[in-house]
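Here are some friendly notes to read beside the model. Please keep the structure open while you go through the points.

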Amino acid sequence: MAYDRFAAICKPLHYPLLMNKKNCILLAASSWITGIVDMIALVDVMSHYSFCGSNEINHFFCDPNALLKLSCSDIQNFEILVLSEGVFMAVFPFLLTLLSYIFIIVAILKIRSSEGRNKAFSTCSSHLTIVLIFYGTVTVVYMSPSSMFTPEQDKMFALLYTVLIPMLNPLIYSMRNKEVKNALKNLIFRK
C-alpha cells in the first residue's frame with residue numbers, strides 16, 4: 001500500500017508502469033512467501049523444545065510467545081531469533097514505509113493548490129494511521145522481552161493487530177468516499 005501511494009503521488013505519470021499486474025502480483029507473493037518462510041523457521045526451532053505441564057495455551061490463537069510459556073526448555077535462543085527476525089520482518093518494512101511517506105510528504109508539499117494537498121494528505125493519512133497502529137502493536141508484542149507483559153496484556157495487543165486493524169480498514173478507507181460519509185451523516189442526524 002505504501003509503495004502504491006508513493007507511486008501514485010510521487011510518480012503519477014509512471015504509475016501504470018510501476019503498479020502493473022505483474023508488479024502487484026510480485027509484491028503480494030513476496031509478502032506471502034516471506035511470512036511463510038519466517039513461520040517455518042519459528043516452528044522448526046520450537047519443534048525441538050520440550051513441553052511439560054499444562055497443554056492449554058493462554059491466548060486466543062496459537063501465538064509463539066504464549067506457546068513458549070509452556071516450554072520446559074531454555075527459550076533464550078528463541079527469544080534472540082524472534083528479536084532478530086523482528087528487525088527483518090517488522091522494523092525494516094516499517095522503515096521502508098516511513099521512508100516512502102517522507103517522499104510522499106515532500107511531494108505533497110510541492111503541490112500548489114490547497115485542495116490538491118488536502119486530497120493527497122487525506123488519501124495517505126488513513127493508511128499511515130493503520131500502519132502506525134499495526135507496527136506499534138507488533139513491535140510491542142514481538143520485540144520486547146517475554147517477561148515484560150502479562151498474558152492478558154499480550155492478548156490485548158494481539159487483539160489490536162489481528163482483529164481491530166482488519167476491522168477498521170474498510171471503515172477508514174470507505175470514509176474517504178463522499179457517498180459513505182453522507183449516508184453516515186444521514187444515519188446519525190436523522191433523529
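Is Asp154 buried, partly exposed or exposed? Asp154 counts as buried, because its relative accessibility is 10% (buried means under 20% relative accessible area, exposed over 50%, partly exposed in between, with a 1.4 Å probe and protein chains only).

1. **What you are looking at.** This is a predicted model, in which local features need pLDDT of at least 70 and side-chain atom pairs count only at pLDDT 80 or more, while totals for chains, interfaces and linings use all residues. Residues are numbered from 1 along each chain as its sequence is written, and side-chain values use heavy atoms, leaving out hydrogens and water.

2. **A bridge across the chain.** Side chains of opposite charge can pair when their charged atoms come close. Asp154 and Lys69 meet in a salt bridge, at 3.4 Å from N to O (a side-chain nitrogen of Lys or Arg within 4 Å of a carboxyl oxygen of Asp or Glu). This pair links distant parts of the chain, 85 residues apart: Asp154 is in helix H7 (residues 151–174), and Lys69 is in the loop between H4 and H5. Helices here are DSSP runs (H or I, at least four residues), numbered from the N terminus. Lys69 counts as partly exposed because its relative accessibility is 42%.

3. **The other bridge.** The whole structure has two salt bridges. Asp4 pairs with Arg5, and their closest N and O atoms are 2.5 Å apart. Asp4 is buried at 13% relative accessibility, and Arg5 is buried at 15%.

4. Asp38 belongs to helix H3 (residues 21–46), and Glu85 to helix H5 (residues 76–109). Asp38 is buried yet has no salt bridge, and the nearest side chain of opposite charge, Lys69, is 18 Å away. Glu85 is also buried without a salt bridge, with Lys69 as its nearest opposite charge at 15 Å. Lys and Arg count as positive, Asp and Glu as negative; His and the chain ends are not counted.

5. **A leucine to find.** Leu68 lies in helix H4 (residues 64–68). Leu68 counts as buried because its relative accessible area is 4%. Leaving aside neighbours within four places in sequence, Leu68 is in contact with Met46, Tyr49, Ile75 and Phe78. Leu96 is 28 residues from Leu68 in sequence and 31 Å away in space, C-alpha to C-alpha.

Technical notes. Helices (H or I, at least four residues) and strands (E, at least two) are DSSP runs, numbered from the N terminus. Contact means heavy atoms within 4.5 Å.
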